[in-house]
Amino acid sequence: MLSLQRHLPLYFKLFPGSINDVVTLKNLVAEVKAFGITKSLFILDRGFYSESNIKELRNEGIDFILPLPFSVNLGKGLISETNRDIENPANARRFGGDIFYVLESEVQISEVKAYGYILYNKKREGLETNSFYNRLIDIECALEGKEFRNPIDQFKKTAGNFERYFECSIDGKTILLRRRVNAISRR
């Protein structure tokens, strides 16, 4: 009972890697029910996101908090819908000394109605932008104007997921890079 008054977790379980299959969630629901818990709130990571998992939680009457993966169109749509309104001073909240802008929006995921919360932190955006450009410049410094035995393979290996932000041309064994401005502005 003390845990309930203090809002401390009664049970938690860690899973390796990214989990989104319905069987894993069904087993978790069964474990909680085996403890005799009738009212619960699941706090899950984005690896559990799937329409079938959300339906399962709704069908079991379990409240949940689940971040949307950035790859989900619903999340992208929420962000673009709220983009111009998010920095309204009325949406500002303070947490841990930092300012977050928060908007709530009703969302439909399959047949399940839920609430989506969009959080925006200028400080984090600045740090992420700084990190992004540092990575671009590191790639340029590692490759630009240098000769490699197999320049295309070296470019792909060094740039990795950042490959789409560059136009790469080869002059003999030398790599020449140019940033794709349009790709960067849409990131």
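**Figure 1. Salt bridges in the predicted model.** A search of the whole structure identifies 12 salt bridges. Side chains of opposite charge can pair when their charged atoms come close.

**Figure 2. Salt bridge between K26 and E56.** The side chains of K26 and E56 form a salt bridge with an N to O distance of 3.7 Å. Because K26 belongs to helix α2 (residues 22-34) and E56 to helix α3 (residues 51-59), the pair ties together parts that are 30 residues apart in sequence. K26 is partly exposed, at 42% relative accessibility. E56, by contrast, has a relative accessibility of 10% and therefore counts as buried, the cut-off for this class being under 20%.

**Figure 3. Salt bridge between K33 and E60.** A salt bridge joins the side chains of K33 and E60, at 2.2 Å from N to O. K33 is located in helix α2 and E60 in the loop between α3 and β2 (63-65), so this contact ties together parts that are 27 residues apart in sequence. K33 is partly exposed, with 46% relative accessibility. E60 is likewise partly exposed, its relative accessible area being 29%.

**Figure 4. Salt bridge between E87 and K122.** The closest N and O atoms of E87 and K122 are 2.8 Å apart, and the two residues form a salt bridge. E87 lies in the loop between α4 (73-82) and β3 (92-95), whereas K122 lies in helix α5 (residues 122-143); the pair therefore ties together parts that are 35 residues apart in sequence. Relative accessibility is 37% for E87, which counts as partly exposed. K122, at 44%, is also partly exposed.

Technical notes. Residues are numbered from 1 along each chain as its sequence is written. This is a predicted model: local features need pLDDT of at least 70, side-chain atom pairs count only at pLDDT 80 or more; totals for chains, interfaces and linings use all residues. Side-chain values use heavy atoms; hydrogens and water are left out. A salt bridge is a side-chain nitrogen of Lys or Arg within 4 Å of a carboxyl oxygen of Asp or Glu. Helices (H or I, at least four residues) and strands (E, at least two) are DSSP runs, numbered from the N terminus. Buried means under 20% relative accessible area, exposed over 50%, partly exposed in between (1.4 Å probe, protein chains only).
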